[in-house]
Amino acid sequence: MAAVPLSYSFRNLWKRRLTTILTVSGMALVVFVFSVVLMMAAGLQKTLVETGSPDNVVVVRKAATSEVMSTIDRKSASIVEMLPQVAAGNQGQTMMAKESVVLIALKKKGVEKSSSHSNVTVRGIQAESLPLRPQVKLVAGRMLRAGSSEVIVGNSIAKGFRGVGLQQTLNWGMRTWTVVGIFDAGNTGFSSEIWGDVDQVMQAFRRTIFNSLIFKLKNQDDFDAAKAAIEKDPRLTLEAKHETKYYEDQSEVMAKFLRILGLSLTVIFSIGAIIGAMITMYSAVASRTAEIGTLRALGFRRRNILLAFLTESLLLGFTGGFLGLFFASFMQFISISTVNFQTFSELAFKFTLTPGIILESMIFALAMGLIGGVLPALRASKMKIVDALRTS
Amino acid sequence: MMLLKILFRNAFHNKLRSFLTILGIAVAILAFGLLRTVISSFYAGVEAASTSRLVTRNAISIIFPLPISYTEKIRQVEGVRMVSYGNWFGGIYINEKNFFPNFCVEPRTYLALYPEFVLEEKQKKAFLADRKGAVAGQKLAAKYGWKIGDPITLKGTIYPGNWDFVLRAIYTGRDNTVDETQYFFHWTYFNEEIKKIWPRYAEQVGFYMIGVTRPDIAPDVALNIDKAFKSSLAETLTETEKAFNLGFIAMAEAIVTAIQMVSFVVIFIIMAVVANTMAMTTRERTGDYAIMKTLGFGATDITILIFGEALVVTLTGAAIGIVLTFPVAKAFGQQLSTYFPVFLVSAQTIYMDIAAAFLIAFFAAIIPTRHAIRIRIADGLRRIG
């Protein structure tokens, strides 16, 4: 005998709308939380991965986990600059930028009541810094002039902090800095930075040493040779990393924190939703006992009944998953700015929905439906025809 | 009495469904309680901070140091009782996974400023006498199995090299809100070593801890300290320890807000589940309600019955959830002591649990009650099952 048609399961859900809506909305909420937390972790990682370019190399002091902690003296910087693996620009200059990175405390917008500050990265740049980061584009004002107390700010900072609009001034290091431009670095960490001239920044903070070196490889396969040359040189206590790897490492702690948080939350939450599905399905079975008996008498087999009820609960899960994802997808328009524990500085990123997350959320939703439906469906399929028909 | 009996009979009429619903509520209340505890432990450092202590740091940001020579000038500000200072060291033990807060301080004044760190007199003397000595919190020492006299090596992330210490004292908290995972050592030892590797960074401190004579003058003292260093190379920013700690949390505000929102989502989820259960029970009992109406019971009686039943179910579940919160929070706190040194279920959390239970019961009962009241007697009686 053929299987029970799909419309049977569908109509049953429709018949008891209130119950169906309540069960589905419970599941949708769980899927929503599940996918939003994953989207947050994915967005953070994507932002930091896109910050690096594959043929750039970052050099920092050994054991330093971020540029702020690192220190590189001028002599070491010159040794690295002389490496044969460093690419040359079209004027023959080496494609390397010696940069200084510090954190300054700025006030966030919208928290007038508290005096809360957040740490913003200030990067002292050289002329070569720009061609090394093609993602960075000026969107307002002009570029800063070398040798002056001018800065340009990333658009996430311009949006989220007070006193960093065009032509506004900032005070640090006993100097006044004028914001002359706003740049857009797309979905990268640079959008959460302030850039100034490296010599001016170092002077203002009374520093004589750089924080990091960034150079472009002549060709991508040279990385191992360059790394070996830097790390084996007894004069240097530096280490070299692919820029992509360097930024990816910075997202590790936060992304892991978010994933663990998300997974443990949703596992607990899903218990609630599974119970909801179970209650719904048990009562669906109980109120349809006579119907099940009739179906069996008509010749449908036990496994047909089992399948029909499982389909019903899978439909519940599917609808819940679909709705949860639908609402979660709107979160993509929101970008959040928070401190990255690892670098201790502000970072803005967007919730990002990836195909992987869609798949995981759907599997998760269907699994909730399945687990919730399996026991009630088994009960339905195990009924004896005579007993089932006898109940009225 | 009669009413209560009916309510319980009704609530447990369908055993399987009641059991499932109560289980769901218990899990949800447990999750809600844990999430609230996570949030309150974020703020544990703020709660534990004293209002009579001030923190002075470089106005540019926390990563810039201040000269040690400020000590005397700060001491001269009126209302200052005691000045201590220190540096965030940021060392790692064996590898990066073993994170705990570690810093160097001027030990005599620091311990005097923190009476909540309780040290045995003998150990305290030994620590003060040994320049390479270090103090660890009891939880931290227990985690790595350190005993008094053990050598400890930290690898510097900010200050390069391997730094050797000898554990001279283990402190315990005055009460259970004190963070027992800190590690600190002599600033002089740090300064001598820094002189060798980076002479430019010597004679500098990351922060000053200041004790004031009376808590109410703390804001004025803070202003006066900052005024003393205005227009100098290293301007200062002074705030109460509470505000200083709050500043760190404000940075991660987005995360805290997200957890807060999620904790309410779980209440919505369980609300849907309980509403579903209530909808089913009332549907099954439509005939009963019709009979009650025939007998002369009014809408109020039926409302009381349905709301009462919802309350019986949710409160039973909530009670189980609350009882479970304590052992689970304890196990959770032990696992995550690196992130949350103090993980305690507060009384406020319990009140919120109970409030949530009432809220769930109330909202879950609204729609079914409306149905039950509106149904006409004839329709109700006609309906079967």
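Me: Why are α2(B) and α13(B) called oblique to each other?
Reply: In this predicted model, the axes of helix α2 (residues 15-42) of chain B and α13(B) come within 7 Å and cross at roughly 45°. Angles under 35 degrees count as roughly parallel, over 145 as roughly antiparallel, 65 to 115 as roughly perpendicular and the rest as oblique, and α2(B) and α13(B) are therefore oblique. The crossing of α2(B) over α13(B) is right-handed, a word used if the near helix is turned clockwise from the far one by less than a right angle.

Me: What makes α1(B) and α13(B) roughly perpendicular to each other?
Reply: The axes of helix α1 (residues 2-11) of chain B and helix α13 (residues 299-335) of chain B cross at roughly 65° and come within 9 Å; with 65 to 115 degrees as the range for roughly perpendicular, the pair is therefore given that name. The crossing of α1(B) and α13(B) is right-handed.

Me: Which residues of α1(B) meet α13(B)?
Reply: On the α1(B) side they are B:Leu3, B:Ile6, B:Leu7, B:Phe8, B:Asn10 and B:Ala11, and their partners in α13(B) include B:Glu309 and B:Val312, where contact requires C-beta atoms, placed from the backbone, within 7 Å. The residues of this contact divide into eight nonpolar, two polar and one charged.

Me: How far apart do the C-alpha centres of domain 1 and domain 2 of chain B lie?
Reply: Domain 1 (2-44 + 253-382) and domain 2 (60-234) of chain B have C-alpha centres 48 Å apart, with bounds from an automatic or database domain assignment.

Residues are numbered from 1 along each chain as its sequence is written, and chains are lettered from A in the order in which they are written. Local features need pLDDT of at least 70, side-chain atom pairs count only at pLDDT 80 or more, and totals for chains, interfaces and linings use all residues.

Key
Axes are lines fitted to C-alpha atoms, for helices over the stretch in contact, and angles run from 0 to 180 degrees between N-to-C directions. Helices (H or I, at least four residues) and strands (E, at least two) are DSSP runs, numbered from the N terminus. Two residues are in contact if their C-beta atoms, placed from the backbone, lie within 7 Å. Ala, Val, Leu, Ile, Met, Phe, Trp, Tyr, Cys and Pro count as nonpolar, Asp, Glu, Lys and Arg as charged, and the others, Gly among them, as polar.
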